[in-house]
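Trainee: Could you walk me through how some pieces of this fold sit against each other? I'd like to go one question at a time.

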Amino acid sequence: MGIGFVIIIHLIVIFVLSFIIAIIGAITTYFLSKKNKRKRKTILALILPFIGLYTLYFSCLIGSIIISEAKSIDIGIGDTSYIPLDENHQLLFIDLPEQAFIEKNGQTVISGVSKMEQTEKHILGTTYDEKYFSYNLKTNELKEFESEKELETYKVKKELNLKKAIEFYSEKRNEIAGFHLIIAGIFSLLISIITLVLITKLALGKFKLKRIKTNANTV
């Protein structure tokens with residue numbers, strides 16, 4: 001799915017959720033509010049869920065895009081997700097989270113990766129058709145094996161720690177992004193809350209404008 005289509009799906013889901021919250025909130029507000037501001041408060045209850053959730057969504061989206069560009073990772077909004085493995089290699093998914101690709105400078109070197117782990121110089125793993133491999137990130141040497149035991153023997157490694165490719169991606173992405181995603185989420189939530197508070201105060205007339213009186217002397 002393209003990024004545009006995914007965003008449209010998100011917007012539709014948010015609309016449905018906002019609509020449900022708005023209806024419940026409007027009915028509750030109508031019966032609990034005093035008559036003098038009942039109409040205004042009911043209208044507010046109808047529109048605030050849409051404003052709040054859409055503001056939160058677009059703020060998170062913008063923050064995630066900024067982090068993605070700065071950290072060279074893809075958050076997976078569209079049909080492609082990727083993370084860097086080193087300066088020249090990256091792990092990416094296209095549509096299917098069960099199968100990954102390892103690329104070097106845009107060229108696929110291993111396809112159909114289902115499980116993997118990364119050491120200082122190597123990518124160890126297995127493909128979707130149950131072939132084990134060792135790929136040297138420095139020399140670009142690819143070796144294939146028929147079993148996990150052969151791979152362990154080749155690497156003289158007591159125990160492999162292979163993880164599902166999508167799990168490896170998620171952990172690596174969070175490691176690279178660090179606390180930036182959390183900060184982006186907090187800022188997005190604050191922006192949404194501040195927007196709701198300002199709109200509510202404006203709608204209910206709680207902002208008082210002070211008039212400055214000036215005395216003019218006439219001759």
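Trainee: At what angle do helix α2 and helix α5 pack?

Mentor: Helices here are DSSP runs of H or I with at least four residues, strands are E runs of at least two, and both are numbered from the N terminus. It's a predicted model, where local features need pLDDT of at least 70, side-chain atom pairs count only at 80 or more, and totals for chains, interfaces and linings use all residues. Residues are numbered from 1 along each chain as its sequence is written, and side-chain values use heavy atoms, leaving out hydrogens and water. With axes fitted to C-alpha atoms over the stretch in contact, and angles running from 0 to 180 degrees between N-to-C directions, α2 (residues 38-71) and α5 (residues 180-203) have axes 8 Å apart and an angle of about 155 degrees.

Trainee: So are they roughly parallel or roughly antiparallel?

Mentor: Under 35 degrees counts as roughly parallel, over 145 as roughly antiparallel, 65 to 115 as roughly perpendicular, and the rest as oblique. That's why α2 and α5 are called roughly antiparallel.

Trainee: Which residue of β4 stands opposite Lys104?

Mentor: Strands pair if DSSP finds at least two bridges between them. β3 (residues 100-104) and β4 (residues 107-118) pair in the antiparallel sense over 4 bridges. Their hairpin has 2 residues between the strands, and Asn105 there takes a positive phi near 50 degrees. Opposite Lys104 you'll find Gln107.

Trainee: And which residue in β5 is the bridge partner of Gln118?

Mentor: β4 also pairs with β5 (residues 122-127), antiparallel over 5 bridges. These two form a hairpin with 3 residues between them. The partner of Gln118 is Ile123.
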